[in-house]
Amino acid sequence: MNIQILSIALLVGMFVIATIQPINMGALAFACAFLVGSLIMAMKPAEIFAGFPSDLFLTLVGITYLFAIAQINGTIDWLVEGAVKLVRGHVAWIPWVMFLVAAVITGFGALGPAAVAILAPVALGFAFQYRINPVMMGLMVIHGAQAGGFSPISVYGGITNQIVEKAGLPFAPTSLFLSSFFFNLAIAVLVFFVFGGSKVLRKYSMASGPLPDLHPEGVTQSIVGHGGTPATPISHHVFEEQTKNVSALSGLTTETLTTLIGLTALAVGALVFKFNVGLVAITVAVALALLSPKTQKAAIDKVSWSTVLLIAGIITYVGVMEKIGTIDYVAHGISSLGMPLLVALLLCFTGAIVSAFASSTALLGAIIPLAVPFLLQGQISAIGVVAAIAISTTIVDTSPFSTNGALVVANAREAERESVLKTLLIYSALIAIIGPVIAWLVFVVPGLV
């Protein structure tokens with residue numbers, strides 16, 4: 001076995017091990033980088049660390065730190081509560097408000113599983129209280145989170161855009177974001193009507209009663225490990241207590257207002273003035289921490305360090321693979337097929353199928369670099385292929401084997417949990433087969449983006 005095949009086998013092994021064992025894939029990647037780079041190829045440490053994504057590291061830390069502050073000081077709760085209040089008297093708005101709030105939360109830097117952990121209890125609470133299909137509500141939250149997930153100031157967007165920019169490929173962060181947003185929006189429209197949306201549209205007003213609690217007891221909200229901890233089932237649904245008083249919408253506090261201003265500054269600085277996302281995010285986060293140091297004390301502990309380790313490890317290992325010739329080896333194999341469109345479709349399918357069981361974040365960090373030499377040949381639209389791969393890799397996060405899908409199952413009522421699980425399994429299998437084909441047809445074949 002040559003060293004190139006060995007490095008690929010180790011990469012596959014990382015995904016397998018991290019899928020069946022609660023071991024961070026980034027830690028495995030750093031170990032494999034040492035094994036292949038130092039022990040086998042006698043590379044110097046400086047050569048191995050040359051692939052460490054320092055810019056992306058700061059982006060991930062800065063964005064998740066800022067989001068943690070927004071969570072702790074109540075800004076996220078304020079947004080969710082405001083959205084919840086808006087749906088009173090408008091049953092048909094409920095799924096779409098959940099979709100849009102999830103998109104906003106991930107668009108401003110939350111990881112998809114974190115957004116789903118926050119909104120799934122609320123969405124499934126509405127589903128029970130107003131007889132809406134729980135699968136529809138869960139899927140609207142997940143696809144909403146994916147719709148905002150590739151904004152230029154988000155985690156997924158930061159990973160993908162920086163890999164593409166570093167590789168010298170055409171750089172179009174806005175196109176990537178809009179492609180993902182409208183693709184997931186189209187799926188959400190189908191989900192809405194397939195799972196009973198027409199019936200929901202006929203419900204003109206809501207019955208009176210308490211709104212779902214934002215933080216039901218027993219739900220796991222922390223996302224750790226290679227793909228998140230198993231979602232803990234709800235031990236007690238607060239929204240089932242019909243005697244519970246409806247909490248009033250919290251007022252706009254000084255901390256909430258300054259955080260909203262900070263998030264706006266991040267968006268303007270990164271999108272309008274083209275400042276580095278990580279530097280702007282960490283600056284805004286530090287400014288907020290200085291304004292209220294006691295409130296932000298725990299924010300640093302809520303940074304998604306497991307995700308930072310995962311991405312840093314995977315990209316460092318991919319850098320080692322590049323130095324030992326694995327990327328060129330794969331590119332040569334791909335080029336020998338002589339059919340760029342077929343190669344792009346295979347990459348989309350690979351992303352979808354693997355991501356249904358493994359970490360989408362890690363897969364984005366691995367599959368796009370492997371496609372770079374093929375895309376640099378210019379035979380096919382690089383922007384379209386990257387968009388198609390990114391979408392195919394993330395739309396399958398509805399799978400119960402992923403953190404997002406598991407959180408939806410965990411938040412379903414006991415009597416419905418088995419049915420929700422089976423429906424999500426069938427849906428995820430269909431989306432893993434059909435989704436990549438549609439993404440390929442829309443973004444790659446015509447070269448629209």
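This is a predicted model: local features need pLDDT of at least 70, side-chain atom pairs count only at pLDDT 80 or more; totals for chains, interfaces and linings use all residues.
View 1. Ser392 belongs to helix H18, residues 382-394 (helices are DSSP runs of H or I with at least four residues, strands are runs of E with at least two, and both are numbered from the N terminus). Apart from neighbours within four places in sequence, Ser392 is in contact with Cys348, Gly351, Ala352, Pro436 and Ala439 (contact means heavy atoms within 4.5 Å). Residues are numbered from 1 along each chain as its sequence is written, and side-chain values use heavy atoms, without hydrogens and water. Local features need pLDDT of at least 70 and side-chain atom pairs count only at pLDDT 80 or more, while totals for chains, interfaces and linings use all residues.

View 2. Val396 sits in the loop between H18 and helix H19 (403-411). Val396 counts as buried, at 1% relative accessibility. With neighbours within four places in sequence set aside, Val396 is in contact with Ala352, Ser355, Ala356, Ile431 and Ala432. Val396 and Ile433 are separated by 37 residues in sequence and by 9.7 Å in space, C-alpha to C-alpha.

**View 3. Packing of H5 and H7.** The axes of helix H5 (residues 75-86) and helix H7 (residues 112-129) come within 11 Å and cross at roughly 20° (axes are lines fitted to C-alpha atoms, for helices over the stretch in contact, and angles run from 0 to 180 degrees between N-to-C directions). The two helices, H5 and H7, are therefore roughly parallel to each other (angles under 35 degrees count as roughly parallel). H5 contributes Ile76, Val80 and Val84 to the contact, and H7 contributes Ile118, Leu119, Val122 and Phe126.

**View 4. The largest nonpolar core.** This core has 149 residues, of which Met14, Val80, Ile105, Phe126, Ile132, Tyr317 and Leu375 touch the most other members (a nonpolar core is a set of buried Ala, Val, Leu, Ile, Met, Phe, Trp, Tyr and Cys residues joined through side-chain atoms within 4.5 Å). H7 supplies the largest share of this core, 12 residues. Leaving out neighbours within four places in sequence, Ile132 is in contact with Val91, Ile94, Phe126, Ala127, Met137 and Val200.

Terms used
Angles under 35 degrees count as roughly parallel, over 145 as roughly antiparallel, 65 to 115 as roughly perpendicular and the rest as oblique. Buried means under 20% relative accessible area, exposed over 50%, partly exposed in between (1.4 Å probe, protein chains only).
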